[in-house]
Structure formats: structure tokens, C-alpha cells
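The following note sets out several points on the sheet, the helices packed against it and the charged pairs. It is meant to be read with the coordinates open.

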Amino acid sequence: MSAIPPGAGPRPLAATRRTARAALVGAACAVLAVAVTGCGGEDPDAGTNGVGKLPAAKIESKARAAAQRADTVHLSGNVVSQGRTYKLDMRLAKDGAKGELTTKAAAFQLLRVGDALYLKANAAFWAGEKSGGPGKPNQAAGKLEGKYVKVPASDPVYQRFSGFTDKDTLLAGLLGLHGKLTTDNRSDIDGVRTVRVAAGAGSGGTLDVSLEGTPYPLRLQRAGGAGVVRLADWGRSVDLKAPPKGQVVDYGSKISGKG
């Protein structure tokens with residue numbers, strides 16, 4: 001009877017257990033897709049659109065391009081401009097917008113359909129506008145309350161507020177980050193994973209960009225306490241139509257005496 005070759009006999013029980021344990025660990029790693037630290041570390045970009053792997057400047061560029069291509073967006077939050085704080089809740093489209101704008105002194109609705117801008121405010125707002133020259137209050141303020149006033153394109157009121165209804169102009173002014181850009185960290189905006197792009201201290205704030213689907217900007221925090229805005233409902237239809245004629249006051253060629 002020939003001798004049994006070395007290693008051909010039954011394996012020791014301890015070695016068998018070690019082999020089985022290693023196989024189980026390997027299977028767990030495959031199933032969890034490296035979600036456990038002991039399996040090689042977590043991949044924060046697993047299942048994303050991949051922009052998180054890009055340099056910060058490229059992420060910002062892609063977000064701005066996505067915003068420009070989109071037909072619509074819902075923008076809400078606070079913006080500080082020229083010492084004034086504006087609270088916005090605007091639904092913006094390529095051909096117009098609708099929503100509310102609130103300042104410390106007043107709150108009013110804005111509606112733009114094509115080039116036609118309508119403003120609906122209370123009497124206090126219209127009383128603050130001048131009519132007929134310096135020092136003369138707007139005598140029609142009470143009649144304008146609760147009505148949509150069609151704002152003449154040549155009037156300072158149009159020039160002051162139409163920018164809040166222009167999607168491309170408003171986003172171009174808000175989304176620009178200045179200074180050296182870095183990828184700060186990962187976050188979550190309303191259940192959507194994001195990567196955060198940060199500008200140099202005091203230069204431009206932070207921008208959260210979606211890691212899911214199209215890399216839309218979802219949240220902007222402006223530097224120096226200049227406001228925080230949310231951007232949502234990208235591409236969702238906005239119903240824009242002129243108000244019923246019975247609710248519109250056409251104020252003629254000029255509303256205010258402010259220049």
C-alpha cells in the first residue's frame with residue numbers, strides 16, 4: 001500500500017474553519033458593495049452621476065450649465081442686495097415668472113408673462129411710490145390695493161423688480177462663486193445627495209450640487225450672510241397667464257415719480 005502524499009489527508013479542523021470564515025467575509029463584502037469599512041472603505045460616489053469625482057471648478061461649471069439649460073426652476077429663500085433683504089418665493093420660466101417678493105416694508109406678488117409685468121401689492125406699498133412729483137403721495141394707493149397693476153416698461157418700478165422675474169439674469173447673479181474653489185463635503189438636500197463646492201473665505205459662499213441625475217444646483221449660501229436660497233422643481237411646468245382683465249389696472253405710461 002502506497003504512502004499518502006503529503007497534504008492529501010484530512011485538513012485540520014481549525015484550518016477548515018478559517019477557510020469558511022474567509023469565504024463568508026468575502027461574500028459579505030460583495031453583497032454590501034464595500035459598504036463596510038473592513039471591506040475596503042466606502043465609495044461616496046457609488047450610484048451617483050459622477051460629478052463628485054470632478055475638480056471643484058468643473059462641478060460648478062456643470063451646475064451652471066444645467067441651470068441655464070433648464071426651462072424652469074422654483075427659487076426660494078433670502079437675498080441681501082444693496083443693504084436690503086428680500087425674501088423670494090418665485091417660479092421662474094424662460095418666458096416669465098410668478099411668485100412673491102417680501103421686503104421689510106412690504107410684501108407683493110410679481111407676475112410676468114412675456115414682456116408684460118404685473119405687480120399686486122397692498123396700499124402701503126403704493127403709498128410709498130411717488131406720483132406727480134417729489135413730496136406728493138400716490139393718491140390712487142387705496143384703489144390699487146389687491147389689484148394687478150400692469151407696470152410700464154419705462155417706469156422705475158419695472159426696472160427695479162423685473163430682474164426678480166428673469167430666470168437667466170437672476171441665476172447668473174446668484175450662482176457665481178468667486179475665489180479659489182474646493183469641494184467641501186457631501187450633504188443631503190431634501191433627500192437628494194449633493195456635493196458641496198466652496199469658494200475662498202469671504203469670496204462667494206457654498207453651492208450644493210445634485211449627485212443624482214442632472215447636476216442641478218440645489219442650495220446656495222452666499223458669503224458674508226448675504227442670503228441662502230433653495231432651487232427645486234427643475235424643469236417642472238409653470239402655468240403663466242395674464243390676470244383676468246377685471247383684476248388689472250393699467251396705470252398708463254408711468255406709475256411713480258422716482259427716477
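**Notes on the predicted model**

1. Leu119 stands opposite Val149 in S6. The two strands concerned, S5 (residues 116-121) and S6 (residues 148-151), pair in the antiparallel sense over four bridges. The model is a predicted one, and the remarks below should be read accordingly.

2. This pair belongs to an open sheet of twelve strands with mixed pairing, in the order S7-S8-S9-S10-S11-S1-S2-S3-S4-S5-S6-S12. Strand S7 (182-189) and strand S12 (248-250) are at the edges; each has a single partner strand, so one side of each is left without a neighbour in the sheet. On average, and with direction ignored, neighbouring strands are turned by 20° against each other.

3. Two helices that pack on the sheet deserve attention. H2 touches S7, strand S8 (192-198), S9 and S10, and its direction makes about 70° with that of S9. H6 lies across S1, S2, S9, S10 and S11, running at about 50° to S1.

4. Which residues of H6 are buried? In this helix (residues 167-175) they are Lys167, Leu170, Leu171, Leu174 and Leu175. They lie on the same side of H6, because they cover an arc of only 105° around the axis.

5. Asp168 is partly exposed at 39% relative accessibility, while Lys167 is buried at 2%.

6. The structure holds nine salt bridges. In one of them Arg186 pairs with Asp45, the closest N and O atoms being 3.1 Å apart. Arg186 is in strand S7 and Asp45 in the loop between helix H1 (13-32) and H2, so the pair ties together parts that are 141 residues apart in sequence. Arg186 is partly exposed, with a relative accessible area of 35%, whereas Asp45 is buried, with 10%. Asp45, Lys53 and Arg186 are linked in a network of salt bridges.

7. A further salt bridge joins Arg219 to Asp208, the closest N and O atoms being 3.8 Å apart. Arg219 lies in strand S10 and Asp208 in strand S9, so this pair ties together parts that are eleven residues apart in sequence. Both Arg219 and Asp208 are buried.

8. Where is His74 placed, and what does its side chain contact? His74 is in strand S1 and counts as buried at 15% relative accessibility. Its side chain makes a polar contact with the side chain of Asp89 at 2.6 Å. Leaving aside neighbours within four places in sequence, His74 is in contact with Asp89, Met90, Arg91, Arg230, Leu231, Ala232 and Asp233. The C-alpha atoms of His74 and Lys98 are 9.8 Å apart in space, and the two residues are 24 residues apart in sequence.

Key
Residues numbered from 1 in each chain as written. Predicted model: local features only at pLDDT ≥ 70, side-chain atom pairs only at ≥ 80, totals over all residues. Heavy atoms only, no water. Buried < 20%, exposed > 50% of the residue type's maximum accessible area, 1.4 Å probe, protein only. Arc of directions from axis to C-beta. Pairing = 2+ DSSP bridges. Axes fitted to C-alpha atoms, helices over the stretch in contact; angles between N-to-C directions. Contact = heavy atoms within 4.5 Å. Salt bridge = Lys/Arg side-chain N within 4 Å of Asp/Glu carboxyl O. Polar contact = N/O pair within 3.5 Å; in protein donor to acceptor, adjacent residues only side chain to side chain.
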